[in-house]
Amino acid sequence: MFSLEGKNALVTGATGGIGEAIARALHAQGATVSLSGTRAEKLEALASDLGERAFVTPANLSDRDAVDALLPAAEEKMGSVDILVNNAGITRDNIFMRMKDEEWDQVLEVNLSSGFRLCRAAIKGMMKRRSGRIIGITSVVGVTGNPGQANYAAAKAGMIGMYKSVAREVASRNITVNTIAPGFIETAMTDALNDKQKDSILTSVPAGRLGTSHEIASAALYLASDEAAYVTGQTIHVNGGMAMI
Amino acid sequence: MSDIADRVKKIVVEHLGVDGEKVVEGASFIDDLGADSLDTVELVMAFEEEFGVEIPDTAAETILTVGDAVKFLEANK
Ligand SMILES: NC(=O)c1ccc[n+]([C@@H]2O[C@H](COP(=O)([O-])OP(=O)(O)OC[C@H]3O[C@@H](n4cnc5c(N)ncnc54)[C@H](OP(=O)(O)O)[C@@H]3O)[C@@H](O)[C@H]2O)c1
């Protein structure tokens, strides 16, 4: 089960905690992967660690031209993009009344608009091949909201609405479009929190611990697989029970 | 029928699974041949592939009938 033999996957944010885990999980099941992020050396290091079937396609997702060039670059390296994982994401937290236009714009651009453009580019080939998987990493806060993260929550909620709409459009072509909503996962993003913040978060997590990147990657692997062909327009919540939706 | 018209007809028949007799010049993809909006996008992609041309979105939006497609492809071969 869950073999991705012969499938080609583009993973954005592959230099980050969750993206690397997703790339490793897909690769371990036989997929060819194209790793994207802005830190080229880190991508090269991961690619050489993975060995064969791993390519590097760096791109700055806040630059529209670079976004438009990414899908063709990955298709050129791998031949096609059968699985697109929109995982790259940033936070620019601020209380709403102090939130700057740039903080809003940057988060919406990287977390939502770049994904729109990548999905649009990827779907063309998927329609021709009559199969495809689009997976977006959203967040629990896109569903629940979070103080200080109006921009981030808007982008993440926007992804969910966009993915559901696209899922309805392309379901008849065997293309599934889903999101995964992590809760609090141990990565660089959550390392930035202090112990007091972490403790207060954990009181709201029934599982009593942060999640691991591997636990997010496992959900991505499922959605990417043939076994998940009948799952579309969904959001899989992986959050230790902190929100039950 | 011209060679282009024959090839267009073949693509439409294959893609929409309709009777060749219905694929006449004035036939609308959506109203007469049962295409949905996604089918029309796919037809345009199939024309692009078959004829090796690029059909920009602005032109694609004006290709509503079999005749529209033939006309566009004849003008842009
Ligand atoms: N960690 C959590 O608890 C948590 C919870 C919910 C949702 N998420 C979501 O999970 C995803 C991955 O997060 P993570 O925890 O793995 O964070 P991370 O370690 O900070 O990784 C973020 C990734 O996004 C990439 N990225 C950021 N800005 C970019 C840009 N302008 N262009 C291209 N790539 C860019 C980074 O690449 P470079 O560094 O190479 O630029 C990096 O690979 C994000 O969408 C995040 O919102 C995380």
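The following dialogue walks through several features of this predicted model.

Q: What kind of model is this, and how are its residues, chains and ligands numbered?
A: This is a predicted model, in which local features need pLDDT of at least 70 and side-chain atom pairs count only at pLDDT 80 or more, while totals for chains, interfaces and linings use all residues. Residues are numbered from 1 along each chain as its sequence is written, chains are lettered from A and ligands numbered from 1 in the order in which they are written, and side-chain values use heavy atoms, with hydrogens and water left out.

Q: Which residues come nearest to the ligand?
A: A residue is near a molecule if one of its heavy atoms lies within 4 Å of it. Here 31 residues are around the ligand, and A:Thr15, A:Thr38, A:Asn87, A:Tyr152 and A:Thr187 come nearest. Sorted by class, the shell has 14 nonpolar, 15 polar and 2 charged residues, where Ala, Val, Leu, Ile, Met, Phe, Trp, Tyr, Cys and Pro count as nonpolar, Asp, Glu, Lys and Arg as charged, and the others, Gly among them, as polar.

Q: Which helices of chain A each supply at least two residues of that shell?
A: Helices are DSSP runs of H or I with at least four residues, strands are runs of E with at least two, and both are numbered from the N terminus. In chain A, the helices that each supply at least two shell residues are H1 (17-28), H6 (150-170) and H7 (188-191), and H7(A) gives the most, with 3 residues.

Q: Is B:Ser37 buried or exposed?
A: Buried means under 20% relative accessible area, exposed over 50%, and partly exposed in between, with a 1.4 Å probe and protein chains only. B:Ser37 is exposed because its relative accessible area is 55%, and this residue lies in helix H2 (residues 37-51) of chain B. An unreviewed UniProt entry places the feature "modified residue: O-(pantetheine 4'-phosphoryl)serine" at B:Ser37, although such annotations may be inferred rather than shown by experiment.

Q: Why is the pair of A:Phe2 and A:Tyr222 edge-to-face?
A: A pair of aromatic rings is described by the distance of the centres and the angle of the planes. Rings of Phe, Tyr and Trp (its six-membered ring) pair if their centres lie within 6.5 Å, and planes under 30 degrees apart count as stacked, over 60 as edge-to-face and the rest as tilted. The whole structure has 1 aromatic pair over all chains; the rings of A:Phe2 and A:Tyr222 have centres 6.2 Å apart and planes at 80°, so the pair is edge-to-face. The two residues are 220 residues apart, A:Phe2 in the segment before strand S1 (8-11) and A:Tyr222 in helix H9 (residues 213-224) of chain A.
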